[in-house]
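Here is a short briefing on the fold and packing of one protein chain. Keep the structure open while reading.

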Amino acid sequence: MQRKKHSPEFKVKIALEALKEQKTINEIASQSGVHVTQINNWKKQAREGLKEIFSQKVGEKSDNLESLVCQLYEHIGRLRSRARLVEKKSGLKY
């Protein structure tokens, strides 16, 4: 039997439905055509992912973003320097 490949959107939809607990896992399984074990796995992954999202501090996110922006600007500067050097050596202008 060939494995079914489900899109991330479908997995999120099913996991959220399971997290709501308005229907039983068996009802969700029969409606979606996905095995109960798979739904429980997606539900567990969703819970763990949410824990990670909410456990990060807001300051950590912004510090990481600022660091990344600084690194990118430094890289842009190096690339511009190299482009000017190549332009100067070759006599071509871009």
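In this predicted model, H1 and H2 run roughly antiparallel to each other, because angles over 145 degrees count as such. The two axes cross at roughly 155° and come within 10 Å. H1 covers residues 8–20, and H2 covers residues 25–32.

**H1 against H2**
- The crossing of H1 past H2 is right-handed.
- H1 contributes Phe-10, Ile-14, Glu-17 and Ala-18 to the contact.
- H2 contributes Ile-25, Ile-28, Gln-31 and Ser-32.
- By class, the contact of H1 with H2 holds five nonpolar residues, two polar and one charged.

**H2 against H3**
- H2 and H3 are roughly perpendicular to each other, because their angle falls within the range of 65 to 115 degrees.
- That angle is about 110°, and the axes of H2 and H3 lie 9 Å apart.
- H2 passes H3 in a crossing that is right-handed.
- On the H2 side, the contact uses Ile-25, Asn-26, Ile-28, Ala-29 and Ser-32.
- On the H3 side, Val-36, Ile-39, Asn-40 and Lys-43 meet them.
- The contact of H2 with H3 splits into five nonpolar, three polar and one charged residues.

**H1 against H3**
- H1 and H3 pack at about 85°, with 9 Å between their axes.
- That angle makes H1 roughly perpendicular to H3.
- From H1, the contact draws on Phe-10, Lys-11, Ile-14, Ala-15, Ala-18 and Leu-19.
- From H3, the contact draws on Ile-39, Trp-42, Lys-43, Ala-46 and Arg-47.
- The contact of H1 with H3 has eight nonpolar and three charged residues, and no polar ones.

**Ile-39 in H3**
- Ile-39 sits in helix H3, which spans residues 36–55.
- Is Ile-39 buried or exposed? Ile-39 counts as buried because its relative accessibility is 0%, and the cut-off is under 20%.
- Which residues touch Ile-39, once neighbours within four places in sequence are left aside? They are Ile-14, Ala-18, Ile-25, Ile-28, Ala-29, Ser-32 and Val-34.
- Ile-14 and Ala-18 belong to the H1 side of the contact with H2, where Ile-25, Ile-28 and Ser-32 belong to the H2 side.
- Ile-39 itself takes part in the contact of H2 with H3 and in that of H1 with H3.
- Lys-13 is 26 residues from Ile-39 in sequence, and their C-alpha atoms are 11 Å apart.

**Lys-43 in H3**
- Lys-43 also has its place in helix H3.
- Lys-43 counts as buried because its relative accessibility is 11%.
- Not counting residues up to four places away in sequence, Lys-43 touches Ala-15, Ala-18, Leu-19, Glu-21 and Ile-25.
- Lys-43 is part of the H3 side in the contact with H2 and in the contact with H1.

**Asn-40 in H3**
- Asn-40 lies in helix H3.
- Asn-40 is partly exposed, with a relative accessible area of 36%.
- Asn-40 is one of the H3 residues that meet H2.
- Val-86 is 46 residues from Asn-40 along the chain, and 58 Å separate their C-alpha atoms.

**Glu-21 in the loop**
- Glu-21 is found in the loop between H1 and H2.
- Glu-21 counts as exposed because its relative accessibility is 54%, and the cut-off is over 50%.
- Glu-21 is among the residues touched by Lys-43.
- What is the phi of Glu-21? Phi of Glu-21 is near 60°, a positive value in a residue other than glycine.
- Most residues other than glycine have a negative phi.

**Whole chain**
- The protein has four helices and zero strands.
- Its elements run α-α-α-α from the N terminus on.
- The radius of gyration of the protein is 25 Å, whereas a compact globule of 94 residues would have one near 12 Å.
- Along the principal axes, the C-alpha atoms fill a box of roughly 70 × 40 × 15 Å.
- Of the 94 residues, 11% count as buried.
- Among contacts with a separation of 6 or more, 39% come from residues 24 or more positions apart.

Notes. Residues are numbered from 1 along each chain as its sequence is written. This is a predicted model: local features need pLDDT of at least 70, side-chain atom pairs count only at pLDDT 80 or more; totals for chains, interfaces and linings use all residues. Side-chain values use heavy atoms; hydrogens and water are left out. Axes are lines fitted to C-alpha atoms, for helices over the stretch in contact, and angles run from 0 to 180 degrees between N-to-C directions. Helices (H or I, at least four residues) and strands (E, at least two) are DSSP runs, numbered from the N terminus. Angles under 35 degrees count as roughly parallel, over 145 as roughly antiparallel, 65 to 115 as roughly perpendicular and the rest as oblique. A crossing is left-handed if the near helix is turned anticlockwise from the far one by less than a right angle, and right-handed if clockwise. Contact means heavy atoms within 4.5 Å. Ala, Val, Leu, Ile, Met, Phe, Trp, Tyr, Cys and Pro count as nonpolar, Asp, Glu, Lys and Arg as charged, and the others, Gly among them, as polar. Buried means under 20% relative accessible area, exposed over 50%, partly exposed in between (1.4 Å probe, protein chains only). The radius of gyration is taken over C-alpha atoms; the globule rule is 2.2 Å times the number of residues to the power 0.38.
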